[in-house]
Amino acid sequence: MNHNLVELKHINKTFPGVKALDNVNLTLKRGEVLGLLGENGAGKSTLVKVLSGVYKKDEGEIIVDGEKVNFNNPKEAESKGIAIIHQELNLCRHLTVAENMFLTREDSRWGFLSKKQTNIKAQKILDSLNLDLKATDLVSNLQVSKQQMVEICKALSSDAEIIIMDEPTSALTDKEIKELFRVINKLKGQNKGIIYISHRLEELVHIVDRVTILRDGKYITTLDYGKDKLPEIISHMVGREITDKFPRVECEIGEEVFRVENISTPSGVKGVSFQAKKGEIIAIAGLMGAGRTELVRGIFGADKKTSGTIFIDNKEISIKNPRDAIKKGLFCVPEDRKKDGLCIKMSLKQNITLPNMNMVTALGFIQDERESTITRDAIEKLSIKTPSENQLVKNLSGGNQQKIVIGKWLASGAKVVMFDEPTRGIDVAAKIEIYNLMNKLKQEGIGVIYVSSELPEVLGISDRILVMCNGRLKADLKTLDTDQEEIMYYATQYDSTEVI
Amino acid sequence: GKEDKKTSSSGDLTVTLITMDSMDEHWLKVKNGAEDAAKELEGVKINFDAPQTKVDATVQAQLVENAVTNKSDAIMLAALDKEALKPAVEKAKKEDIPVIFVDSGVNTEDYDAFYSTDNGAAAAMAADHLAKLIGEKGKIAIVNAQAGAGTTMTRENEFRNRIESTYPDIEIVGVQYSDGDKQKALNYATDFMTQYPDLVGFYACNEGSTVGVGNAVDQSGKDDSVYVVGFDFSDDVKALIEKGAIKASMVQNPYTMGYEGVKAAIDIINGKEVSPKDVDTGVTIATKENLDEIK
Amino acid sequence: MSTTENKITLPKSIKQFLSTLSGLIVLLIIFAISNKNFFTTDNILNVIVQTTPILLIAIGQTYVLITGGIDLSIGSNIAISGVVTAMLMKSGLPIFLSIIIGLLSATTVGVANGALVTYGKLPPFIVTLGTMTAVRGITLTLTKGIPISGLPDGFNAIGIEKTFGIPNPIYIMIFFVIIFGLILAKTKTGRYTYALGSNFEASRLSGVNVHSSLIKVYAFSGLLSGVAGLVMAARIISAPPTAGMGYELNAVAASVIGGASTLGGEGTIAGTAVGALIIGILSNGLNLMGVSPFIQQIVTGIVIIGAVFADKIRHND
Amino acid sequence: MSTTENKITLPKSIKQFLSTLSGLIVLLIIFAISNKNFFTTDNILNVIVQTTPILLIAIGQTYVLITGGIDLSIGSNIAISGVVTAMLMKSGLPIFLSIIIGLLSATTVGVANGALVTYGKLPPFIVTLGTMTAVRGITLTLTKGIPISGLPDGFNAIGIEKTFGIPNPIYIMIFFVIIFGLILAKTKTGRYTYALGSNFEASRLSGVNVHSSLIKVYAFSGLLSGVAGLVMAARIISAPPTAGMGYELNAVAASVIGGASTLGGEGTIAGTAVGALIIGILSNGLNLMGVSPFIQQIVTGIVIIGAVFADKIRHND
Ligand SMILES: Nc1ncnc2c1ncn2[C@@H]1O[C@H](COP(=O)(O)OP(=O)(O)OP(=O)(O)O)[C@@H](O)[C@H]1O
Ligand SMILES: Nc1ncnc2c1ncn2[C@@H]1O[C@H](COP(=O)(O)OP(=O)(O)OP(=O)(O)O)[C@@H](O)[C@H]1O
Ligand SMILES: [Mg+2]
Ligand SMILES: [Mg+2]
């Protein structure tokens with residue numbers, strides 16, 4: 001009973017052209033949470049996929065509960081008590097919450113599914129996490145954060161001894177994260193082992209016991225976690241010291257560049273007005289479902305508006321679709337890079353130039369040199385790691401893909417750029433690159449509006465914070481004069497408590 | 001005179017037979033006739049070809065071109081469209097390849113022999129036969145095969161002309177196109193009988209349509225009140241005539257066309273004149289009485 | 001928390017079904033008004049019998065569409081099951097055994113489709129286009145192009161004869177609607193069919209045996225087109241090698257009108273049955289109205305688009 | 001992550017093209033060995049002329065497939081352009097004007113397809129299945145089911161006559177291959193075509209005019225099938241209302257063999273041209289070898305699957 005719950009020894013895994021894992025070791029004990037950390041593309045996901053039977057290792061040993069194992073598929077790993085929550089959402093959108101949670105573990109009688117029983121079991125787990133979800137809800141009707149919670153419930157429903165979570169919180173906001181941590185601590189109490197991958201290093205303090213760090217597919221070290229060890233952990237991750245995680249730049253506030261009045265959308269934004277001035281970064285904070293994404297999409301013309309006027313440089317502009325917005329110099333970096341941001345079958349270059357085709361064509365014909373110039377510029381500005389500008393986007397790691405979504409908008413004449421969760425799922429070093437980019441835009445007098453669910457980041461980088469709740473704008477705060485408590489206060493001002 | 005034919009090279013002569021499609025029994029009988037003739041003559045090879053599934057004049061023209069390319073010694077063709085095949089046939093004749101039409105010809109004088117039934121005349125015969133059966137009055141419906149295909153459109157139109165010009169008391173209530181699909185023909189015929197409970201006759205323009213219509217009448221138990229006159233002959237048609245569901249079917253002699261066509265082809269290759277150039281292989285009206293004589 | 005059971009488990013699919021059904025009812029009303037011969041017992045039974053083959057193959061097509069695939073080989077499978085059964089019966093094998101082997105032949109094509117799609121990772125469109133062509137060739141070669149006729153009397157039972165005044169094909173059709181409706185809605189096999197089409201990778205990662213599930217689905221489609229082939233052969237007491245040509249597109253139309261999506265993840269057997277009836281009744285009704293066959297095609301084309309469009313609009317409410 | 005540099009531009013699509021090309025070469029070698037008449041100038045020109053209609057429509061189909069759609073209305077468009085042109089010419093309109101209007105009619109169907117797909121948000125499969133049926137009905141109604149023949153001599157020029165010993169359809173085909181190859185590879189329109197099929201929503205949010213881009217793509221497909229229809233009519237100096245039936249599936253096969261994906265985002269005109277030639281040469285070669293038409297179908301089916309499969313295997317290396 002004294003042996004480790006999981007031991008991975010000398011794991012090697014190569015993809016065509018990439019050595020993703022190079023002699024990696026890892027141990028997981030009962031009753032602990034092991035943080036697995038590393039930059040984008042370090043091999044974290046690959047390692048846990050090897051452990052959960054998704055990939056076959058090339059070399060090395062996997063020992064689970066003292067027994068040497070060899071998984072050929074996820075089902076075999078599951079039968080050894082391993083459950084995994086993948087980094088990418090893996091739900092069947094046409095099925096219900098319960099159907100997803102118990103896929104391949106359905107209750108049945110005489111060959112017929114007993115839906116009722118499965119629904120009751122699923123509801124129990126959902127309720128234990130205080131989720132406002134019904135087992136019979138269709139997954140396609142859920143917000144991303146709720147879907148992520150379903151993934152978590154799915155893993156919990158299997159009663160696994162070993163639970164792997166690959167960036168479970170990247171799509172969650174504080175409320176669910178708190179619930180998640182509560183559950184993780186409970187599982188820890190039940191003597192289960194948890195491997196936890198995250199780029200939100202601040203949250204580790206609440207749950208993690210030890211951390212294992214990978215870099216470039218290689219095992220670097222394993223440390224006992226302590227709050228004071230964060231700088232050390234970061235330097236192990238990125239291979240150098242990082243002094244300032246939030247490089248704020250002070251800059252003179254100029255005249256107004258952007259103003260919206262009374263924006264409402266069918267998706268639930270109600271009468272939002274605000275203005276942005278040159279030289280400031282405006283953050284929009286709020287809880288999940290606050291309607292921030294909907295606000296940004298409504299302004300950009302991606303969704304319909306029921307009311308609202310938009311001004312750039314004090315001139316009213318009419319925006320019916322994203323094309324109108326782009327023509328007027330209003331850009332938007334969408335929240336969901338896979339769904340809204342990237343053509344992953346196309347190359348890096350083709351993605352970067354997609355919104356800028358007029359700049360790279362003459363008489364309708366694409367000019368290769370102009371394309372390359374723009375692309376090289378973006379690669380350089382954002383330090384995108386890629387073998388070539390013609391690399392297909394799908395072969396790049398998550399963080400580098402995120403940089404492309406941003407890089408698309410650097411080339412042509414921006415007046416206002418809206419970023420929706422631009423740092424989701426990317427590593428510390430890359431985040432700083434994105435902050436620096438926003439700072440640069442701000443210095444150039446371009447309006448920067450930025451949605452984020454990470455309050456430390458919002459407080460660290462913005463100049464002004466708009467707080468939304470339930471589709472309404474609740475507060476307009478100067479960043480330097482506010483704190484987390486005040487933001488949270490406004491973020492929970494639901495309409496029902498309002499006296500009109 | 002075409003004395004300098006290259007019969008010497010291998011001893012074997014190739015006759016390419018191109019029909020309208022490869023699935024109608026009618027064409028398979030032409031093929032059988034051709035093959036039997038080839039067997040008798042020895043040293044003659046039949047190369048059979050047809051548009052694969054659909055009635056398609058473009059593909060048929062390609063098959064003629066391929067036969068030219070392949071230096072076939074003669075081409076026997078059942079043309080889908082008398083205009084559409086003209087360029088291809090002219091191309092063959094330019095290469096001095098004898099062209100024999102079977103069943104349906106092409107709008108050109110440049111051919112060597114033509115074995116056919118006059119489809120128009122046969123359709124008129126069908127009209128007369130059906131008129132007689134129904135006492136020259138009442139409602140009838142037509143089930144044709146493929147809209148747009150030359151031969152069957154002729155069979156429909158000549159039938160109509162005859163009825164309209166000669167039998168004022170017969171009303172053609174409608175036409176449907178079954179694509180030769182027996183199920184569709186069965187369904188259309190059933191619907192006609194539902195729509196016109198007083199329908200007294202059907203005219204079907206090819207084997208598939210005839211069988212489908214025959215089955216419809218048989219299954220509705222109207223053998224005695226709805227008279228079917230069809231076109232073409234097969235085991236299915238035969239069985240339905242025996243049952244009384246089909247009263248008559250216009251039977252061409254596809255076997256003869258194939259058989260005589262090959263004989264003529266070899267004669268022409270060997271420099272013999274074929275006369276007359278146009279041969280009517282005749283039509284037989286298959287009925288319960290003469291069933292055993294039809295082959 | 002909120003455990004108040006909401007009795008409607010799949011609200012979207014049921015709404016979808018009701019909307020398709022209302023389309024059918026509109027059609028029925030139009031035809032009933034415009035033609036007195038339409039709403040007779042005889043004609044209604046007749047329409048259902050006429051629709052049976054399309055309905056059967058559309059059931060299989062629905063399974064395949066739900067997985068995100070397509071089965072173009074349906075038409076050829078219709079022919080091969082009829083032809084194989086007919087040849088065996090004529091060679092003296094008992095009818096029952098011949099039928100089994102005939103159905104097996106069509107099912108085998110389905111299994112081959114499924115295996116090529118899942119193990120070969122080939123697009124279903126191309127796989128089934130290939131088998132459609134090849135199997136048609138096989139059928140033609142087997143028969144030398146000539147319909148197999150002169151089938152034994154006992155065989156008529158499944159095509160022509162009636163039981164309690166209702167033609168037997170209708171019983172066969174109802175049997176398969178129920179069986180495959182239940183499998184899809186109530187069993188693991190059905191659940192996995194949806195899961196595969198909804199998110200193949202997620203299904204695989206959840207431990208669904210994606211290979212065997214996909215093969216099963218294509219095998220169902222093969223089997224059902226085999227059944228359709230037998231009913232068709234029995235109706236005309238003859239098995240032509242050309243049977244079923246072009247039926248595959250009708251099957252897709254029936255499924256999609258009934259709520260299946262060509263992108264996978266959606267579809268029900270009840271919806272498909274109604275979709276097939278819409279197509280069947282449209283043809284029968286237009287025939288009875290005496291609409292010219294060419295105009296019928298125009299109307300059919302418009303109705304196919306219109307049905308799906310109307311559905312879209314209702315859903316957006 | 002070790003980034004071993006690999007400096008090949010557009011590696012996948014070029015590899016893809018070479019692999020299709022090697023398939024074609026294998027076929028050429030087999031037929032050249034087995035039949036002495038195959039590798040003659042005449043026959044090669046002949047095959048290319050025979051392949052021209054499929055090649056033209058496959059170009060349009062490739063555009064549509066790249067956007068993630070499908071165009072089943074191609075066959076009917078072939079017929080309508082031929083029939084409209086023929087009727088106008090016979091009514092005395094100048095040939096050139098008749099051709100323009102004939103092409104416009106097919107293009108209009110394409111525009112309608114595109115508009116229904118993009119504004120109606122309907123599945124392309126259903127939209128084009130509907131227009132396929134409706135347009136066929138229109139063509140049959142226009143002609144009353146009878147081919148329009150007796151076309152003026154000048155019209156032969158595009159189907160039969162030769163220039164410098166090479167049949168004119170080949171020039172027409174090369175012209176369109178180059179034009180539409182360039183548009184796809186080198187212009188904004190082409191880039192947007194790929195982007196739409198790769199990620200529709202991302203394209204919209206990047207400012208691509210998704211509506212007009214999609215309509216353009218379907219219009220191209222309509223126009224190209226119209227051109228194919230004219231070449232076909234000119235070759236047989238007759239415009240049958242049934243022309244082009246079933247060609248749509250061949251067009252998909254040619255595109256996919258040439259590297260297009262039915263899931264969108266992939267495909268090239270060069271690949272499609274080679275894919276179409278594979279299909280054309282297969283048919284011609286088997287004819288010349290005297291293979292029975294039934295066996296030809298079996299072989300064709302196997303080759304369709306085999307070509308895509310071989311390609312898959314080579315890619316996995
Ligand atoms: N299926 C695959 N095919 C080819 N290369 C892959 C594949 N999966 C991962 N890689 C490569 O392997 C390396 C490790 O990827 P992995 O997804 O494990 O990184 P990660 O540490 O999880 O990064 P992130 O923090 O961005 O999620 C990367 O270089 C990635 O591009
Ligand atoms: N698929 C959906 N169906 C119905 N309503 C939805 C859907 N997605 C989002 N909503 C609604 O839209 C509103 C905003 O949701 P969303 O979670 O995207 O807001 P947000 O402020 O952008 O939060 P976050 O960015 O953290 O996800 C909520 O009221 C939510 O109920
Ligand atoms: Mg990862
Ligand atoms: Mg959001």
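## A guided tour, stop by stop

Start by selecting Phe258(A), which touches Phe274(A), Gln275(A), Ala276(A), Ile299(A), Ile310(A), Phe311(A), Ile312(A), Leu330(A), Val416(A) and Ile449(A), leaving aside residues up to four places away in sequence. Touching, or contact, means heavy atoms within 4.5 Å. You are looking at a predicted model, where local features need pLDDT of at least 70, side-chain atom pairs count only at pLDDT 80 or more, and totals for chains, interfaces and linings use all residues. Residues are numbered from 1 along each chain as its sequence is written, chains are lettered from A and ligands numbered from 1 in the order in which they are written, and side-chain values use heavy atoms, with hydrogens and water left out.

**The cores**

Phe258(A) and Ile299(A) touch the most other members of the largest nonpolar core, which has 312 residues. Next, select Ile18(B), Trp27(B), Met257(B) and Ile268(B): they are included in a second, separate core of 52 residues. A nonpolar core is a set of buried Ala, Val, Leu, Ile, Met, Phe, Trp, Tyr and Cys residues joined through side-chain atoms within 4.5 Å. Buried means under 20% relative accessible area, exposed over 50%, and partly exposed in between (1.4 Å probe, protein chains only).

**The magnesium ion**

Now pick ligand 3. Which atoms coordinate the magnesium ion? They are OG of Ser45(A) and OE1 of Gln87(A), at 1.9 to 2.1 Å. Donors are N, O and S atoms within 2.8 Å of the metal (3.2 Å for Na, K and Ca); water is not among the atoms, so sites may look incomplete. This pair links distant parts of the chain, 42 residues apart: Ser45(A) is in helix H1 (residues 44-51) of chain A, and Gln87(A) is in the loop between strand S6 (82-85) and helix H3 (97-101) of chain A. Helices (H or I, at least four residues) and strands (E, at least two) are DSSP runs, numbered from the N terminus. Ser45(A) counts as buried because its relative accessibility is 18%, while Gln87(A), at 27%, is partly exposed.

**Helix H10 of chain C**

Move to residues 247-257 of chain C. Ten of the eleven residues of this helix, H10, are buried, so the helix is largely enclosed by the rest of the structure. Among them are Tyr247(C), Glu248(C) and Leu249(C). After H10(C) comes Gly259(C), with a positive phi near 110°.

**Where chains C and D meet**

Finally, show chains C and D together: 39 residues of chain C are in contact with 40 residues of chain D.
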